[in-house]
Amino acid sequence: MSLGALLRMWRQRALLTQEQLAERAGLNVRTVRRLENMGLLRPRATSVLLLAKALELDGAELEMLYAAARGRPAGPDEPPPADPRPWTVPRQLPADVAVPAVRERELAILMEHHSVVCVDGMAGMGKTALAVSAAHRLAPLFPDGQLFVDLHAHARATAPVDPGAALTRVLRALGVPGEHIPWHLDDRAALYRSVLAQRRILVVLDDAADEHQANPLLPAAPGCRVIITSRRRLACPGDARNLSLDDLPVPEAVALFTRLAGRERDAGTSVDVLAEVVRRCGLLPLAIRIAAARLRAHPAWDVRHLLDRLATDRLAELVAGRHSVVAALDRSYERLPAEHRQVYRLLGSVVRPVFGLDAAATLLDVTPAQARRLLDELLDAHLLQEPAPGRYRLHDLVHGHASALWLSAALGGSAEREISAFEQMAGVRLGAE
Ligand SMILES: Nc1ncnc2c1ncn2[C@@H]1O[C@H](COP(=O)(O)OP(=O)(O)OP(=O)(O)O)[C@@H](O)[C@H]1O
Ligand SMILES: [Mg+2]
């Protein structure tokens, strides 16, 4: 059936006049008329898409419409057929920085078939690097494009991206003209799902604040895949899988450090010294990258000297250019509700960063049940770990960060509970457990 006949049939089924269809689709009525009367041989891809949406075509009908739009016999003076793909093919992935032999196990999990994978973990754990690396490997399976959306939940200068604004950006990237993007968030999300309905597209949602921000950007089509990264553990939808990133194993951490520092810089250094350097970096990829950058930036240093420096004030040492462990943790801390910020600071007062629920309840001056609820929030934000039920652990670098905040609040006299914790601080509480 010709394009014109199909359009007329579906318009009549929808009980629309040509004018009404034009209005619904946001097109000129002359365009609709000419299409139906075969006076317009080469409709624009976006016009076809808008008509399909206005006519509420299903997947199979959409395919028929595209086929008819593509299959018009070319007139004698017409230009050669355009790219038959009637939408823009986005290729938005940033460069792949992942180093071989680092996080290979997690990479393999991401490569397995899962419609949605939510990668979570503490600041600087390598979530983005992993997601981007997996996306590059998966890209050939998604010929209709790869979208990369930075949701900026922990950006330095910008607020988290509003999901409606993010949808506008991706719809534009998919070729939908700005004037056809609906105003209401639900309609925008519905158009996004319609546009992706027949596509094989890979979507990376980086640094999501929460489900509320990420969910409108989830395609529904079976041909699409999604990788979400977040510092929070998200309640992922449906058959999604969570993948929590932990500290790097020591050999992987050493491999990352030597690769980033340059082999010539660690030539002759014993593996033990290298292992100690990466341990001082808390086995955190961000810290390891910064330490390697510091070494590269100082040709006079050797690895031993770097280790000595890390042994004194490592948080101050772990800054290179715009990368900083403290700044990364600051942004996780700032995103906590006020009550949990205080809990975080108080936990910074513990001597030994491994403790039980009862000890935490005593420190926080609440019941164990209340303490569990408060600590759950920090667990969700990956500012606390739970190695065994009822046992908690602060990551080395997190402990240093929380301690500094606690000390400055106590010395600054800004918070009563910090001062009392400070006064009681004689190694008797959690540290003595
Ligand atoms: N597998 C890896 N190979 C090489 N470099 C890595 C790897 N993982 C992490 N890095 C480096 O470590 C740093 C931190 O990684 P990344 O930005 O991916 O962490 P993140 O978990 O996304 O942090 P944030 O929570 O701040 O978004 C980056 O500079 C990155 O280049
Ligand atoms: Mg990231």
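Predicted model: local features only at pLDDT ≥ 70, side-chain atom pairs only at ≥ 80, totals over all residues.

User: How many bridges join strand β1 to strand β4, and in which direction do the two strands run?

Analyst: Strands of a sheet pair through backbone hydrogen bonds, in either a parallel or an antiparallel manner. In this case, β1 (residues 116-120) and β4 (residues 225-230) run parallel and are joined by five bridges.

User: What is the order of the strands in the open sheet, and which are the edge strands?

Analyst: The open sheet has five strands in the order β2-β3-β4-β1-β5, and their pairing is parallel. At the edges are β2 (146-150) and β5 (241-244), each of which pairs on one side only. From one strand to the next, the twist averages 15°.

User: Which strands does helix α6 lie across?

Analyst: Helix α6 (residues 104-111) lies across β1, β4 and β5. Angles here are taken between N-to-C directions on a scale from 0 to 180 degrees.

User: Why is helix α4 described as largely enclosed by the rest of the structure?

Analyst: A residue counts as buried when its relative accessible area is under 20%. Eight of the ten residues of α4 (residues 45-54) are buried, and the helix is therefore largely enclosed by the rest of the structure. The buried positions are T46, S47, V48, L49, L50, L51, A52 and A54. After α4 comes E56, with a positive phi near 55°.

User: Which residues of helix α13 are buried, and what do they pack against?

Analyst: In α13 (residues 271-280), the buried residues are V273, L274, A275, V277 and V278. These pack against four helices, namely α11 (250-261), α12 (263-266), α14 (285-297) and α15 (303-312). Just after α13, G282 adopts a positive phi of about 65°.

User: How many residues surround ligand 1, and which are the closest?

Analyst: Ligand 1 is surrounded by 17 residues, the closest being K127, T128, A129, R231 and R289. The individual atom pairs can then be examined. K127 places a polar side-chain atom 2.7 Å from an oxygen atom of the ligand. R231 likewise has a polar side-chain atom 2.7 Å from an oxygen atom of ligand 1. M125 contributes through its backbone, with an N or O atom 3.1 Å from an oxygen atom of ligand 1. Of the 620 Å² of accessible area that ligand 1 has on its own, the protein covers 86%.

Definitions and conventions. Residues numbered from 1 in each chain as written. Chains lettered and ligands numbered in written order. Heavy atoms only, no water. Buried < 20%, exposed > 50% of the residue type's maximum accessible area, 1.4 Å probe, protein only. Contact = heavy atoms within 4.5 Å. Pairing = 2+ DSSP bridges. Near = heavy atom within 4 Å. Polar contact = N/O pair within 3.5 Å; in protein donor to acceptor, adjacent residues only side chain to side chain. Areas by Shrake-Rupley, 256 points an atom, 1.4 Å probe, with all protein chains shown as cover.
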